[in-house]
Amino acid sequence: MGALDSRFAEALRRIESQGQLRTLRATAMGTGGRLRRDGRELLDFSSNDYLGLSQHPLLAERSAAYAAQFGAGAGASRLVTGTSEAHLALEARIAAFKGTEAALLFASGWQANAAVIPALLKAAPGAAVFTDRLVHASLHHGCAAAGAREIRFRHNDLDDLEALLAAKGAAAPARIIVTESVFSMDGDCADLPRLAEIARRHDAFLFVDEAHATGVLGPGGAGLAAAAPGGVDLAMGTFSKAMGGFGAYVAGSRLLCDYLVNACGGFIYSTAPPPAVLGAIDAALDLVPAMDAERAQLATLADRLRSGLAQLGIDTAESRTQIVPAVVGDAARAVDLSRKLAERGLLAAAIRPPTVPPGTSRLRLALRATLAPGDVDRLIEALRDCL
Ligand SMILES: *Cc1c(COP(=O)(O)O)cnc(C)c1O
């Protein structure tokens, strides 16, 4: 028996007694928003594959072609021998897509957030870090790893942010504001032009996580940072959601990227992304800028879903995007609803604390451009039956 086994078992019992035990289940991704789980076909309202690109032949083909040409692995970290022409060319493409001077690839969005914030704090020791209360776990992790003083402002409440900047920011040696352009559990957006203006006035560095905006919102799907030209100091995003593949980016000035290459442990001490990953990203960058019709379809489907839920009296918070929370409050109720929908062939994941605040358990409904309006109607009808 391992030295910590009794503690692991006790922790699992505690988690289970709170009704929060999580387990992994095999799912076969399919096309058109259908997937298979437990031998059953389910209409998928849970994945982040907003444009359906994870199953697009061009991504799979180019991924395979890159692997066939360059091999399965990068062989080393970027600063040793892991930087290929393909890495540099792709980073230049990402910078052009984002409208920034430079960009860097990371293994994943989680890794980028967890590693970049400590690197920022290394340049500005003692900086006050202002985080929206609902930012992703990876961002809180980055702050914790940096030993940063995290000052949380009320979700999307920029008056609260300003008050905190005035009260606690002025005396700090530097200020960093961390937020998301589209919030992953609420589907609402940050006001980036106003945030950029606040950051400028308070001499703060603005860090924006575009995980759920990349590919979906902004000109050509480049994200919402484009709405505040020059006002976002660092935009990060992932290639694992709307972009259909894997990996992540950090985009900003050449100076920032040069600094991260020299100071960001998660970049320096991690093996470079492999060729197959680069191929899928490259193909996604070919497709995504021209997918305005798919982006419009997503917006139309989301409006249809929000109005259908409103008619059922279900709260959708401030959702304005392809992510639509159906907030039911109680965790057990959300789980029960999710189970009943699965029995009707609909996959809608229940999200409970600690992922969301207590009392705001929900079905997190995520749309995809390959769904038809009738698919959304089917979900609304099924919810009507279940309630
Ligand atoms: C998914 C997500 C990440 C992590 O990205 P991965 O590439 O999946 O590791 C980071 N931030 C937000 C807001 C996310 O939703």
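Strand β5 (residues 128–132) is mostly covered in this predicted model: five of its five residues are buried. Look along the strand and you'll find A128, F130 and D132 pointing one way, with V129 and T131 pointing the other way. The neighbour here is strand β6 (residues 149–153), which runs parallel to β5 and is joined to it by five bridges. Along that pairing, V129 stands opposite E150 in β6.

Now to the helices. Helix α5 (residues 109–123) packs against helix α9 (residues 254–263) at an angle of about 100°, with the axes 10 Å apart. That makes α5 roughly perpendicular to α9. On the α5 side the contact uses V116, A119, L120, K122 and A123, and these meet L256, Y259, L260 and A263 in α9. Sorted by class, the contact has eight nonpolar residues, one charged residue and no polar ones.

Finally, the aromatics. The structure holds three aromatic pairs. One of them is F239 with Y249, a tilted pair with 5.5 Å centre to centre and 55° between the planes. F239 sits in the loop between β9 (234–238) and β10 (248–252), while Y249 is in strand β10, 10 residues apart from F239.

Technical notes
Residues numbered from 1 in each chain as written. Predicted model: local features only at pLDDT ≥ 70, side-chain atom pairs only at ≥ 80, totals over all residues. Heavy atoms only, no water. Axes fitted to C-alpha atoms, helices over the stretch in contact; angles between N-to-C directions. Helix = DSSP H or I, 4+ residues; strand = E, 2+ residues; numbered from the N terminus. Parallel < 35°, antiparallel > 145°, perpendicular 65-115°, else oblique. Contact = heavy atoms within 4.5 Å. Nonpolar A, V, L, I, M, F, W, Y, C, P; charged D, E, K, R; others polar. Phe/Tyr/Trp six-rings, centres within 6.5 Å; stacked < 30°, edge-to-face > 60°. Buried < 20%, exposed > 50% of the residue type's maximum accessible area, 1.4 Å probe, protein only. Pairing = 2+ DSSP bridges.
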